[in-house]
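Trainee: Before we start, please show me the model.

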Amino acid sequence: MMSTTRRLASVAVVLLIWELAVRFELAPSFTLAAPSTIVSEIARLIANGQLPKHVQASMGRMLSGYSLALVTGALLGALMGWFRLLDDVVDPIVELIRPVSPLAILPLAILWLGIGQASKIFVIWYGCLFPILLNTYAGVRGVPKSTVEAARTLGAATDEMLQRVVFYHSLPLIMTGARISFAVGMIVIIAAEMVAADAGLGYMILTAQQTFHTPELYAGITTIAVIGFLGDRIIRLIRAKLCPWYVEIEQS
Amino acid sequence: MKIEARHLGKEFRLGRSQLSVLNDVNLVIEDGRFVCLLGPSGCGKSTFLRCVAGLERPSTGEILVDGAPVRSPGPDRSMVFQDYALFPWYTVEQNILFGLRLRHNRQLHRLDHRKVLSELVALVGLQGFEGAYPHQISGGMRQRVGLARALAVNPGALLMDEPFAAIDAITREGLQQQLVDVWRKTGKTILFVTHSVDEAAFLGDEVHVFGARPASIRETVAIDLPRPRDVTAPAFAEIVRRLRRAIDSGIVPTKAAA
């Protein structure tokens, strides 16, 4: 409780200083919008339907690419973790591709897939893939030897080993991968929309900057922060529900 | 369960060289005996136990369990591990019932599970902790879960690999006494690996002392002291002395051997 109070107080103090700095004109309102202005700007943008439209555009792309990455990344990571042969074949390719930024891939993706949705979903997928893949891989590969042996001496067959040991050992790591991937996806989608889009939060804040609508620029950034924060919270809640043992270990 | 080792040898590959860990181990363990395997760390006694469990394949010779050679691990020879090896994602209850809930045990009715669970929980003294996760309980309690989990599948033999080595001395004494009680109530054959002379002297009907690598059984000491054993009795001290001598002669090669 004390910790929660301190955390909230910290945010409140920053917002207050920020508000006062603008009110006392320590910074020009042209470059710095006050929190109160941002809130009313967000309200205005919700009322006229602009913000919902851009959020929907961004999150639609983001969640498509993200969920594709979750499924393919977890699947490939699990297979690589379980089958040594596949690991040897795929791992060097993964390691070579992985350092390449999703944004570096974007022009290529546009060349292949056109300027529409597909290229943006592709780079989201690409950016989100590796955290989930590598975490799943670590989860499957990292089951302690004695845990596997305990299950074997109790009579577990291979499928039972996968269901009751490997799956549960990997689950918290998969969820951690999902958290990291979500954060990466949020970064990539905004950048991608700045390069090529006619809607979305990235498009919105870039346009606001180019047309000198400073409050709208801040409203966009704030929205991104809120979505990123809430998304992370939701994934953590899901992890707590799915892995009660793990969350407690982490907290203790 | 009767366990028999015949000319058992085990070698590990270490880079290009071979490391011989066990050499011509011969051993007969009669059903229902409490047998300790004693030796210094790294002498191969755990490797021997793992061969019995089916977790390692012998390089030469064989292990016979009730006359049949060991091919793979199985719940007829369940194991208790030094690091507990509990499943962190399962509660105490789920850990204990792990083996019972596997396919080959599905014919058992759920009611039987409940009965087995309550009996085992009472046997090892875990009442009230059925719903706890392993990380929420102490090391001593974790190992009692490990013991209950291994007993739940009703094995012919219980294989214990230095199960109390990571537990503090006071808790360990309690667990040793508890294990003796469990053994007397269940009548299981127990193979107990330890590097503690006192532990072997307190627990075993017979103690097989392993020599230095490549290990074979250097000496077998039968202990027929009444239980519960009085660790302060002169007869106990004499057993401990004999075991120590056997170990020492194994570590320092004699001139005749060299």
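Predicted model: local features only at pLDDT ≥ 70, side-chain atom pairs only at ≥ 80, totals over all residues.

Mentor: Residues are numbered from 1 along each chain as its sequence is written, and chains are lettered from A and ligands numbered from 1 in the order in which they are written.

Trainee: What is the mean pLDDT of chain B?

Mentor: The mean is 91, and 95% of the residues of chain B reach 70 or more. pLDDT is the predictor's confidence in each residue, from 0 to 100. Over residues 254-258 of chain B, pLDDT stays under 50.

Trainee: How do you know that the span of helix 5 of chain B agrees with its number of residues?

Mentor: Helices are DSSP runs (H or I, at least four residues), numbered from the N terminus. The expected span is 1.5 Å times one less than the number of residues. Helix 5 (residues 169-186) of chain B has 18 residues and should span 26 Å; its end C-alpha atoms are 25 Å apart, so the two agree.

Trainee: Which residues of helix 5 of chain B are buried?

Mentor: Arg172(B), Leu175(B), Gln176(B), Leu179(B), Val182(B) and Trp183(B) are buried. They cover an arc of only 125° around the axis, which puts them on the same side of helix 5 of chain B. The arc is that of the directions from the helix axis to the C-beta atoms.

Trainee: What makes a residue buried or exposed?

Mentor: A residue is buried if 20 or more other C-beta atoms lie within 10 Å of its own, exposed if 12 or fewer, and partly exposed in between, with C-beta atoms placed from the backbone. Ile170(B), Arg184(B) and Lys185(B), on the other side of helix 5 of chain B, are exposed.

Key:
Contact = placed C-beta atoms within 7 Å. Helix = DSSP H or I, 4+ residues; strand = E, 2+ residues; numbered from the N terminus.
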